[in-house]
Amino acid sequence: MDISLQNVVFIIVAIFISVFSVLTVTTKKIMRSVTYLLFVLLGTAAIYFLLGYTFLGAVQIMVYAGGVVVLLVFSIFLTKADENLNIGTKIKKVLPILLTVLIGGGLIFFIIFTHNFLPMASTDAIEELSMKTIGFALVGGGKNQYILPFEAIGVLLLACIVGGLLIARKR
Amino acid sequence: MGVELYLVISTIMLCAGIYGFLMRKNTLAMLISVELILNAADINFAVFNKFLFPNQLEGHFFTLFAIGIVAAETAIAIAIIINVYRNVQSLDVDKIDKMKH
């Protein structure tokens, strides 16, 4: 495997994501947990950029880093979120969880490395997916075009706004 | 650099998410773990699209719509959590048992 710039960036991003996703679930302070989650989400956006899906990476940064993480930080500030973070360190409770995660992860790794994937596209020169292609596919009504889910997401977000107001209002 | 390496990243993220979801007792921390799990699934869709079916865009758009749905889901979940906190004065899942008996 030749060492190209893309491979180096990929390895850095891979280590970054792996370390911070483990830290997200093991740290003791919830504020730190959210910060590490932000790093994981930014790393995911970097992976989308590496794949050539720049629009997807931009959406990821806008929606997650700009929306979801800010919402989480607000709700942490509004509540006493730091008490009773973990389930405890009793071996009777922790052992089944560790077994589940390790066996499940091992099984997935086994499947990944023994499965014969379809012949892959060339990864040497990944070109960016152009905005024009995305635009025509997103608001067209023909085959392989996605106007219906696009509109359905609009209705879903409206329902989400109304539902959120209804749930969180003062009585 | 094949599809397997990308899948290894998303597997690590998924396992961390499952571990956190089972390990945490705090509703907000569990929500954070759910974000990790969903994010791992999103990476998989994009990677399969790029490496196995590069002439189509199904995975790309599935990821796009999934990100939108995740944002809506998080907003509703946080509204519910804040409302529960207002009634119970705690985020601990062990204390949310008023409707149990």
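The structure is a predicted model, in which local features need pLDDT of at least 70 and side-chain atom pairs count only at pLDDT 80 or more, while totals for chains, interfaces and linings use all residues. Residues are numbered from 1 along each chain as its sequence is written, and chains are lettered from A and ligands numbered from 1 in the order in which they are written.

Helices here are DSSP runs (H or I, at least four residues), numbered from the N terminus. Axes are lines fitted to C-alpha atoms, for helices over the stretch in contact, and angles run from 0 to 180 degrees between N-to-C directions. Among the residues that make the contact are L31(B), L38(B) and F45(B) of α2(B), and F62(B), I67(B) and V70(B) of α3(B). By class, this contact of α2(B) with α3(B) has 12 nonpolar, six polar and two charged residues. Ala, Val, Leu, Ile, Met, Phe, Trp, Tyr, Cys and Pro count as nonpolar, Asp, Glu, Lys and Arg as charged, and the others, Gly among them, as polar.

The two chains also meet. In total, 64 residues of chain A are in contact with 59 residues of chain B, contact meaning that C-beta atoms, placed from the backbone, lie within 7 Å. On the side of chain A that touches chain B, the largest share, 11 residues, comes from α3(A). That side divides into 44 nonpolar, 20 polar and no charged residues.

One helix pair spans the chains. The axes of α1(A) and helix α1 (residues 3–23) of chain B come within 8 Å and cross at roughly 5°, so α1(A) and α1(B) are roughly parallel to each other. Their contact includes I17(A) and S21(A) of α1(A), and M13(B) of α1(B).

M13(B) also belongs to the largest nonpolar core, which has 62 residues, and is one of those with the most contacts inside it. Such a core is a set of buried Ala, Val, Leu, Ile, Met, Phe, Trp, Tyr and Cys residues joined through C-beta atoms within 7 Å, buried meaning that 20 or more other C-beta atoms lie within 10 Å of a residue's own. The largest share of this core, 12 residues, comes from α1(B).

Terms used:
Contact = placed C-beta atoms within 7 Å. Helix = DSSP H or I, 4+ residues; strand = E, 2+ residues; numbered from the N terminus. Parallel < 35°, antiparallel > 145°, perpendicular 65-115°, else oblique. Buried ≥ 20, exposed ≤ 12 C-beta atoms within 10 Å, placed from the backbone.
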